[in-house]
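Here is a friendly walk through the model you are about to open.

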Amino acid sequence: MRRGAKQTLLFGLAAAVIFLASGVSLAGTAAAPTGELRIEGKKPARFSHATHLAQGMDCGQCHHDAKHQPLSAQAIEARLSAGGTLACGSCHTKGVANKKLQRRKAVFHGRCRTCHKQGYNGKKGPTRCNGCHIKKKRKKLEGC
Ligand code: HEC
Ligand code: HEC
Ligand code: HEC
Ligand code: HEC
């Protein structure tokens, strides 16, 4: 093989690997974060997409738009690439007319805890406070 052609081939392969590793699929669907998230607030909680997606849920089970319509992975991708956010608190402040749904407890317990109590496909989630809530981050020590 000519040296130039070989280099072009290697470059192409490297680009493809980087593209695939970035988690963006060709169909334009967003990938859920793989690690555990920490939902910040006065009572921080943990949340793992992997656990929930393994139950066969789709994104719209939790993510919805300003009209409260469920968001698909494609719709999420479109939203994020347009610079939008999925943060629940981005709407659930003054953004929703219903005063009750401006309170974080109603928003998160309403979605998370209700399902944990009722169960999904016969499987229940934790309902005790420390099943979801974690300790607040300790203040960083000087120099760490
Ligand atoms: C299924 C998961 C889950 C369980 C179980 C749960 N919570 Fe929460 N809760 C959350 C999430 C997520 C938030 C949003 C994080 C935040 O705002 O700090 C939240 C928020 C709150 C808030 C609101 C904080 C604010 O700023 O208004 C309070 C208070 C609270 N939880 C108390 C409790 C208590 C007490 C229990 C046990 C009786 C409990 N939670 C059980 C997930 C849970
Ligand atoms: C069981 C509920 C649930 C399901 C199902 C779910 N998510 Fe999430 N997702 C959340 C919560 C809660 C957050 C954190 C929101 C916050 O911080 O206010 C989040 C955050 C995200 C974020 C990070 C957003 C940001 O602004 O950093 C992405 C990306 C995401 N989800 C994609 C997806 C995709 C794609 C799917 C479907 C394949 C999905 N999620 C399914 C609950 C869910
Ligand atoms: C783009 C804006 C927007 C975002 C982002 C958003 N919501 Fe909502 N949500 C709404 C609207 C609008 C309603 C309907 C309000 C009404 O009926 O008065 C709603 C209703 C709800 C309700 C009450 C009805 C129900 O389905 O139980 C819950 C609970 C809720 N949202 C939780 C969440 C959670 C959890 C997230 C983050 C994963 C989230 N929302 C993100 C706009 C949003
Ligand atoms: C539609 C139903 C449903 C919703 C909505 C839901 N969960 Fe769950 N969750 C489950 C089920 C079912 C399990 C148990 C899974 C298992 O046993 O493998 C679970 C397990 C968990 C666990 C323990 C396992 C782990 O991942 O560490 C935590 C923590 C948790 N959920 C937090 C949350 C939070 C926080 C939210 C809201 C942002 C939420 N869940 C929304 C159904 C739900």
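Which residues come nearest among the 22 around ligand 2? They are Ala32, Cys59, Cys62, Ala87 and Cys88, where a residue counts as near a molecule if its C-beta atom, placed from the backbone, lies within 6 Å of it.

## Ground rules

This is a predicted model, in which local features need pLDDT of at least 70 and side-chain atom pairs count only at pLDDT 80 or more, while totals for chains, interfaces and linings use all residues. Residues are numbered from 1 along each chain as its sequence is written, and chains are lettered from A and ligands numbered from 1 in the order in which they are written.

## Fold and confidence

The protein has five helices and two strands; helices (H or I, at least four residues) and strands (E, at least two) are DSSP runs, numbered from the N terminus. Along the sequence they read α-β-β-α-α-α-α. Strands E1 and E2 form a hairpin with five residues between them. Their pairing is antiparallel, over four bridges, with at least two bridges found by DSSP being the requirement for a pair. One of these links joins Ile39 to Ala45 in E2.

Of the 144 residues, 4% are buried. Here buried means 20 or more other C-beta atoms within 10 Å of a residue's own, exposed means 12 or fewer, and partly exposed is in between, with C-beta atoms placed from the backbone. Among contacts between residues at least 6 apart in sequence, 37% join residues at least 24 apart; a contact needs C-beta atoms, placed from the backbone, within 7 Å.

The average pLDDT, the predictor's confidence in each residue from 0 to 100, is 86, and 76% of the residues score at least 70. Confidence is highest in E2, at a mean of 98, and lowest in helix H1 (residues 3-21), at 58. Over residues 22-26 pLDDT stays under 50, and the model has one contact beyond four places in sequence for them.

## The ligand shells

Back at ligand 2, strand E1 (36-39), H2 and helix H3 (73-81) each supply at least two residues of the shell, and H2 has the largest share, with three. By class this shell holds 16 nonpolar, six polar and no charged residues. Ala, Val, Leu, Ile, Met, Phe, Trp, Tyr, Cys and Pro count as nonpolar, Asp, Glu, Lys and Arg as charged, and the others, Gly among them, as polar.

Around ligand 4 there are 21 residues, and Ser48, Thr51, Cys112, Cys115 and Gly125 come nearest. Strand E2 (45-48), helix H2 (49-53), helix H4 (104-118) and helix H5 (129-132) each give two or more residues to this shell. H4 gives the most, with five. The classes here are 10 nonpolar, eight polar and three charged.

For ligand 1, Gly41, Lys42, Phe108, Cys129 and Cys132 come nearest out of 19 residues. H4 and H5 each supply at least two residues to this shell, with the largest share, seven residues, coming from H4. The shell divides into eight nonpolar, six polar and five charged residues.

## Two loop residues with positive phi

Most residues other than glycine have a negative phi. His68, in the loop between H2 and H3, has a positive phi of about 65 degrees although it is not a glycine. His68 is exposed, with 9 other C-beta atoms within 10 Å.

Asn121, in the loop between H4 and H5, also is not a glycine and has a positive phi of about 50 degrees. Asn121 counts as exposed, with 7 C-beta neighbours inside 10 Å.

Definitions and conventions:
Two residues are in contact if their C-beta atoms, placed from the backbone, lie within 7 Å.
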